Amino acid sequence: MRLSTRVAALCVGLLASHHVAATELPQRWVSAGGALSEWVSALGGESKLVGVDTTSQHPEALKALPSIGYQRQLSAEGILSLRPQILVGTEEMGPPPILSQIRNAGVQVELFSAQPDLPALQSNLQHLGKLLGAEDRASKLFQSYQQQLDQQKVRVTKAQLSLPSPGVLVLIGHAGGKPLIAGKDTSADWLLQRAGGHNLATHTGYKPFSVESLISLDPQVLVFADRALSGEEARAALFKENPILSSTRAAKDGRVIQLDPTLLVGGLGPRLPDELKKLSDGFFPGTADQ
Amino acid sequence: MLRTQNLQIRRGRKTVLTDITLELKPGEVLGVLGPNGAGKSTLLGALCGELKADHGNIWLDEQELSHWTGALRAQRLAVLPQVSTLDFAFRVEEVVGMGRLPYQSGRVRDDEIVAAALNASDAGHLHGRSYLALSGGERQRIHLARVLAQLWPGEAGQTLLLDEPTSMLDPLHQHTTLQAVREFADRGAAVMVILHDLNLAARYCDRLLLLEGGRPVALDTPDQVLRPDRLQAVFGLEVLVQQHPERGHPLIIAR
Amino acid sequence: MTVLVKPRALFIGLSVLCLLAIWLSLALGPVSLPLLDTLRVALRMIGLPIAPDGLEQAELILGQIRLPRTLLGLAVGGVLALSGVAMQGLFRNPLADPGLVGVSSGAALGAAIAIVGGSAFGGLPEAFGPYLLSLCAFLGGLGVTALVYRLGRRNGQTNVATMLLAGIALTALAGSAVGLFTYLADDATLRTLAFWNLGSLNGASYSRLWPLLLISAGVALWLPRRAKALNALLLGESEAGHLGIDVERLKRELVFCTALGVGAAVAAAGMIGFVGLVVPHLVRLLAGPDHRVLLPASVLAGASLLLFADLVARLALAPAELPIGIVTAFIGAPFFLYLLLRGRA
C-alpha cells in the first residue's frame with residue numbers, strides 16, 4: 001500500500017474512533033465539588049452539567065442548576081432523578097453507600113483527587129479531558145496553569161529579594177463575626193505561602209483566636225474571606241464585629257485583602273492563579289508588573 | 001395473719017420505733033393512734049415490708065414477710081398509703097382495676113369487683129370520670145376502692161393496712177369509708193388503720209394501739225385505751241370521755 | 001369529660017395510616033416512577049411471577065433505595081416512640097424522653113469520637129467507615145446509660161430521681177466532650193458531625209439494617225407484655241410493689257430496652273429527636289394512658305410520623321435532602337401545640 005493511502009487510512013481510522021468515542025462520552029453530568037465544576041466549565045462542559053452541589057458557585061450560571069445538596073450528604077434518588085450519565089466528585093463525596101447505589105443504577109461515578117498539588121491537578125485534568133472529549137484543551141489548560149504558577153513563583157522569589165515576606169493572618173468569618181484563623185495544613189495556608197507571605201499562625205486547621213493573640217501577633221497584612229457577604233459589605237462587617245482589628249499594622253496601613261472563600265475547598269481551581277497574583281500584589285506592593 | 005415481735009426500727013442513731021409486739025387478728029380492726037412523730041407511719045411501713053426492721057421480724061402466716069413475693073403476697077396484703085400521686089388521666093375504673101393486677105380473674109369478674117369496690121367507697125357515681133378531674137377527697141376514695149378491689153371481698157387470711165384514709169374526706173365520707181373497712185373486717189380480713197380522729201377510732205376499731213415517741217403506750221379495747229389521764233399524758237390535751245348515747249363507745253370531748 | 005378514641009378505632013386508624021405511609025414512602029421520591037411500575041415491582045417482590053422487562057430502574061430504586069429506607073424509618077420511628085413511652089413510665093412524668101437517661105448524648109459522643117478520631121487517623125477505612133460509626137454510637141449510648149443506671153443504684157435499689165440527675169449531669173458532660181471534639185475537628189469533619197447530629201435515613205442498606213430491625217422487633221415484642229405492670233408503676237413504686245410487681249426488675253428492663261433501642265436507632269440514623277417525647281403524648285391525648293393501648297399504638301404512630309417526615313425530607317428540596325430531625329420538629333411541635341390549645345390535655 002502506498003504511504004499516502006496508509007496515512008489516509010490511519011486518519012480515517014483515527015477520526016472514526018474519535019467519533020465513536022464521542023458518541024460514548026457521557027452527556028449528562030452531575031458534579032459534586034466546586035473546583036471540579038469550574039474545571040468542567042473551563043473545559044467547555046458547562047452545557048453538559050445537569051446538577052451541581054452547594055460548593056459549586058462558579059461560574060454564575062451554575063447557581064441556576066438543580067442543587068444536589070452538600071457533597072458529603074448526597075441523596076442517591078435525588079441524583080438519579082436528574083437522569084445523569086456520570087457523577088464526578090472528589091474523595092470527599094459521600095456517604096459511601098450512596099455512591100454504590102448510584103453505580104448500581106448504571107451511572108458512571110468518577111472520583112478525583114482533592115489534593116492541592118500540581119501532579120494531582122494534572123491527572124484530574126487529563127481524566128476530565130478524556131471524559132469530555134477535550135484532551136487537547138485539557139493539556140493546554142494545564143500547561144498554561146503550570147506556567148502561571150511558575151511565573152507566580154518567579155515573581156515571588158524576585159520580590160523577596162528586595163522586600164521581606166510580610167507576616168500574614170488569614171481570617172475566615174461569617175458576616176464578619178467569629179472569624180477562624182487559618183493555620184498549617186489548610187488550603188488558605190497553601191495559598192498564602194505560594195503568594196510569598198509568612199503565616200503567623202502556627203496551629204493546625206482553622207481555629208478561633210483570642211483578641212489578645214491577634215493583637216500580639218500584629219500581622220502586616222490581613223487576608224479575610226467571608227462566607228456570607230462579599231465586597232465592601234464584608235470588609236465593613238469584619239471591622240464592625242472585630243473593632244480591635246483596626247489597631248493592627250495591617251489595618252492602619254490599609255493592607256487588608258479580600259479572598260474568595262470558595263477557593264478554599266475542593267482542591268486547585270482555575271481561578272487560583274489570578275487570586276495568587278492579587279495576594280502577591282498585596283504582599284509585595286509595587287512589584288505588580290515584574 | 002400478719003404479726004411481729006419486738007420490732008425495732010432505727011434511723012441513724014435515733015430509735016424511731018421499739019418494743020412493738022403485735023398480731024393483726026382476722027376479723028379485727030386495729031386502730032393506731034398517737035401524736036405526730038409517734039411512729040405510726042413507720043410502723044405501717046415496717047409491717048408492709050417497705051422499711052427494714054433493725055430488730056424483730058414480720059411474719060405473714062408461717063413465713064417471713066420478705067420471703068413472700070409478687071402476686072401471692074399481693075393477694076394477701078394490701079396497703080393504702082397516705083398520699084398517692086398519679087399524674088396521668090386514667091379513668092376511675094382503670095385506677096381501681098389496677099387492684100386486680102395480682103389476679104387472673106378475667107375481665108367480667110374484674111369489672112364486677114371494680115363496681116362493687118367503688119360502691120363500697122361511695123364512689124360509684126364517679127365511674128367513667130377522669131382521675132385527674134377529681135378532688136383530693138374523691139381521689140382518696142378511688143384509691144381505697146383500689147385496695148378493696150385488691151382483696152375483694154375480704155376474707156380470713158387477708159390483711160389491709162391503711163394510713164389515714166380519712167384525712168381529706170368530709171364528715172359523711174369519713175364514716176362511709178370506715179364503714180366499708182368495718183364490713184371488710186366483718187368478712188374475715190384483718191385491718192390496721194392509722195387515724196387521727198379519736199372518735200372515729202373509738203367507733204370503728206375493735207382494738208387500739210396508742211403510740212408515743214416510738215413506744216407502745218397501750219394496746220387494748222377503746223374503752224381501756226381512751227381514758228382522760230392517758231390521753232392527756234400522750235396528747236397533752238385535757239378531755240372528757242363520755243359514752244356515745246346510742247352506740248355506747250367512748251366519746252372524746254375536748255375541755 | 002374528655003371524649004377518647006376507642007382502642008379499636010385507634011388501632012384501625014393507625015394501621016391504615018401506617019400502611020399509607022409505607023405505600024407513599026415506596027411510591028414517591030425524587031425519581032418519578034410510573035405507578036404501574038411500582039405496583040409490578042411490589043408484586044414481584046412478594047413472589048408473584050411478573051415479567052421484569054423495563055423494570056430495572058424501578059427495581060433498583062424500590063428495592064435498593066426506597067425499601068431499605070422505609071424499613072429503616074419504620075424501625076427507627078417505632079423504637080423511638082416506644083422508648084419514649086418507657087421513659088415516661090419510668091420517670092412517671094409525661095414530659096420524660098429517652099434522652100434523660102443519657103443514651104442520646106452518649107451516642108452522640110460515640111459518633112463524635114468515631115468521626116473526629118477517625119479523621120485524625122487519616123480517615124475511616126472505606127469499607128468499615130459506616131459500621132465503625134454505628135458501632136461507636138451504639139456503644140456510646142449503652143455506655144452512658146449503664147453509667148447513669150449504676151449511679152442511680154444504692155443498696156440494690158434504683159432511685160429514679162437520682163438517675164434523672166445523673167442523666168442530666170452526664171448529658172452535659174458528654175455534650176462538652178462533643179464540643180471539644182468539634183473544636184478539634186477540621187472543616188470537613190465538622191460538617192459530617194453537624195449533619196449526623198441532625199439525623200437522616202439516607203443511605204439505608206440491608207446490611208446495616210438488620211441489627212436495628214432485630215433489636216426493634218425485640219423491644220416492640222417485649223415491652224407490650226409489661227403493659228399492666230407499667231400502668232401500676234404510674235401509681236408509684238411502692239404502690240406497684242404492693243400490687244405484686246417486681247419493681248426493680250421492671251425499672252431495669254425499661255432502662256435496658258431504651259438503651260438498646262435508642263442506641264441502635266441513633267447508630268443507624270443519627271440523632272432524630274422529638275419522636276420519643278411527642279408521639280406517646282399525642283397517643284395519650286387521643287386514647288388515654290393505658291399502656292395496653294399506648295405501647296402498640298405508639299409503635300404505629302411513631303413509624304408513621306417518621307415515614308411522613310422522611311417524605312418531606314426527601315421531596316422538599318429535591319434533588320437535595322433535608323435532615324430529618326428538622327422535619328420531625330417542624331411537623332410534631334405545631335401539631336402538639338394545637339392539640340394542647342384545644343384543651344384536650
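Leu51(B) is partly exposed, because 18 other C-beta atoms lie within 10 Å; on this scale a residue is buried with 20 or more other C-beta atoms within 10 Å of its own, exposed with 12 or fewer, and partly exposed in between, with C-beta atoms placed from the backbone. The model is predicted: local features need pLDDT of at least 70 and side-chain atom pairs count only at pLDDT 80 or more, while totals for chains, interfaces and linings use all residues. Residues are numbered from 1 along each chain as its sequence is written, and chains are lettered from A and ligands numbered from 1 in the order in which they are written.

Leu51(B) sits in the loop between α1 (40-47) and β4 (58-60) of chain B. Helices (H or I, at least four residues) and strands (E, at least two) are DSSP runs, numbered from the N terminus. Apart from neighbours within four places in sequence, Leu51(B) is in contact with Ile9(B), Thr42(B), Gly45(B) and Ala46(B), a contact being two residues whose C-beta atoms, placed from the backbone, lie within 7 Å. Ile9(B) and Leu51(B) are 42 residues apart in sequence, yet 8.2 Å apart in space, C-alpha to C-alpha.

Elsewhere in chain B, two helices cross. The axes of α4 (residues 107-120) and α5 (residues 136-151) of chain B come within 8 Å and cross at roughly 130°. Axes are lines fitted to C-alpha atoms, for helices over the stretch in contact, and angles run from 0 to 180 degrees between N-to-C directions. α4(B) and α5(B) are therefore oblique to each other; angles under 35 degrees count as roughly parallel, over 145 as roughly antiparallel, 65 to 115 as roughly perpendicular and the rest as oblique. On the α4(B) side the contact is made by Ile113(B), Val114(B), Ala117(B), Leu118(B) and Ala120(B), and on the α5(B) side by Ala145(B), Leu148(B) and Ala149(B). By class, this contact of α4(B) with α5(B) has 8 nonpolar, no polar and no charged residues. Here Ala, Val, Leu, Ile, Met, Phe, Trp, Tyr, Cys and Pro count as nonpolar, Asp, Glu, Lys and Arg as charged, and the others, Gly among them, as polar.

Gln243(B) has Pro250(B) in β12(B) as its bridge partner. There are 6 residues between the strands of this hairpin, and Gly248(B) takes a positive phi near 90°.

In chain A, an open sheet of 4 strands has the order β2-β1-β3-β4, with parallel pairing. The edge strands, β2 (49-52) and β4 (108-112) of chain A, each pair on one side only. From one strand to the next, the twist averages 20°. Helix α2 (residues 34-42) of chain A packs on this sheet, touching β1, β2, β3 (86-90) and β4 of chain A, and its direction makes about 140° with that of β1(A).

Finally, how do the chains meet? Of the 2 pairs of chains in contact, chains A and C share the most contacts. That contact takes 26 residues from chain C and 26 residues from chain A. The side of chain C that touches chain A divides into 11 nonpolar, 9 polar and 6 charged residues. The contact between chains C and B takes 20 residues from chain C and 23 residues from chain B. No contact joins chain A and chain B, and their closest C-alpha atoms lie 42 Å apart.

Notes
Pairing = 2+ DSSP bridges.
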